[in-house]
Amino acid sequence: MLRNCIVTLLLIVSAGLYAQSTQLYSYGQQDPQFTQYMFNPSSFNPAVAGEMDAWVSTLNVRNQWVNLPGAPISQIFTSHIPIYKISSGAGLVVMNDIAGQQRNTGLTAMYAFHKRFRTSTLSMGVSGGFVQQQLNGGKLITPTGNYEGIVDHNDPNLPVTTKTELLPDAAAGLYFFGKNLKIGASATHLLLPLQASKETAETDVQYNPNAYVYVGYDIDVTDRLIITPSVLYKTDLKASIVDINTIFTFNQNILAGASFRGYANSRYDAAALIAGFNVTDNWRISYSYDITLSELNSVSAGSHEVVLRYSIPVARPRAGKMINNPRYLYH
């Protein structure tokens, strides 16, 4: 979730994984960063499943810190649908995240129960699945290693081949939504930290849970213009970051907006511009460009992100009305 250049480049790319103990510990799994989080909140909160009266599938593709070697490249796909008969929603999340020589791939299924009120809904959701972590040890480089013809890190704790671990994963969340207001809180990777088998692997894989708090509100300015400010607070219990976003929607079709992201310790990370439109009644595409505000701006050409959404309306069942129709037969 929190993309720190020193951690990414030194810890993963240039062998900052250099361990001082007899075991190698990797803390590389952090949730991917997405600027357009408001278009795909089910990616970090399973309680969002079934929120809309539609089967909604969304793909986020992000290329972060362009021109910086080893920078993260992330994709996340979600698909969820309401199940009206049991006041619920269900779906799945597929994630792929590459940072340096480490790849994290995840697949989880999500379920949400909806408690409906007159004009709003409270949703409680959970998800479960697995995360596969892969580290290409053959491409790591250490200051004291030998790489002439062979790969020798000169460190018994670093692998020289590709190492893979498959770990169970789970998340939970709450989501309250009405006509205009949306509020959510969730936590991912609740089964962690977990350790890989010491008998069968050279590494112990551990990663931190991540917590999210999301608030958004639709302001109906006119019949044609809606302004939606939103805030997303994220923390891995070690560092925190806040996204502040405003989207303008015209005629329920064209959207434009801006976003700002910074760390809780007053360090700036990025500002972003967002634009999108409905290609058809079912398809919508949006694009954002992040302007790097941190020290990385001297080596990075910013970040690109594309979001593609496909939705199919799912009509609510009509409430049946019982009519007594007695028949009297006279002979």
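These legends go with close-up views of a predicted model. Residue numbers count from 1 along each chain as its sequence is written. Local features need pLDDT of at least 70, side-chain atom pairs count only at pLDDT 80 or more, and totals for chains, interfaces and linings use all residues, while side-chain values rest on heavy atoms, leaving out hydrogens and water.

**View 1. Strands β2 and β3 run antiparallel.** Here β2 (residues 54–63) is joined to β3 (residues 73–83) by 8 bridges. Look for S57, which sits opposite S79 in β3. Strands are DSSP runs of E, at least two residues, numbered from the N terminus, and two of them pair if DSSP finds at least two bridges between them.

**View 2. β3 also pairs with β4 (residues 88–99), in the antiparallel sense.** This pairing takes in 11 bridges, and T78 faces V93 of β4 across it. The hairpin of β3 and β4 has 4 residues between the strands, and S87 takes a positive phi near 50° there.

**View 3. The largest cavity holds about 400 Å³ of space.** A cavity is a set of points, on a 1 Å grid over the protein atoms alone, where a 1.4 Å probe fits but cannot get out; its volume is the space filled by probe spheres set on the points, which are joined across faces, edges and corners. The whole structure has 4 cavities of 30 Å³ or more.

**View 4. The lining of the largest cavity counts 32 residues.** Nearest the centre are D31, S43, F44, I76 and T188. Strands supplying at least two lining residues each include β4, β5 (102–116) and β12 (225–235). Lining residues have an atom within 4 Å of a point.

Methods:
1 Å grid on protein atoms, 1.4 Å probe; cavity = no way out; pocket = protein on both sides within 12 Å on 5 of 7 lines; lining within 4 Å.
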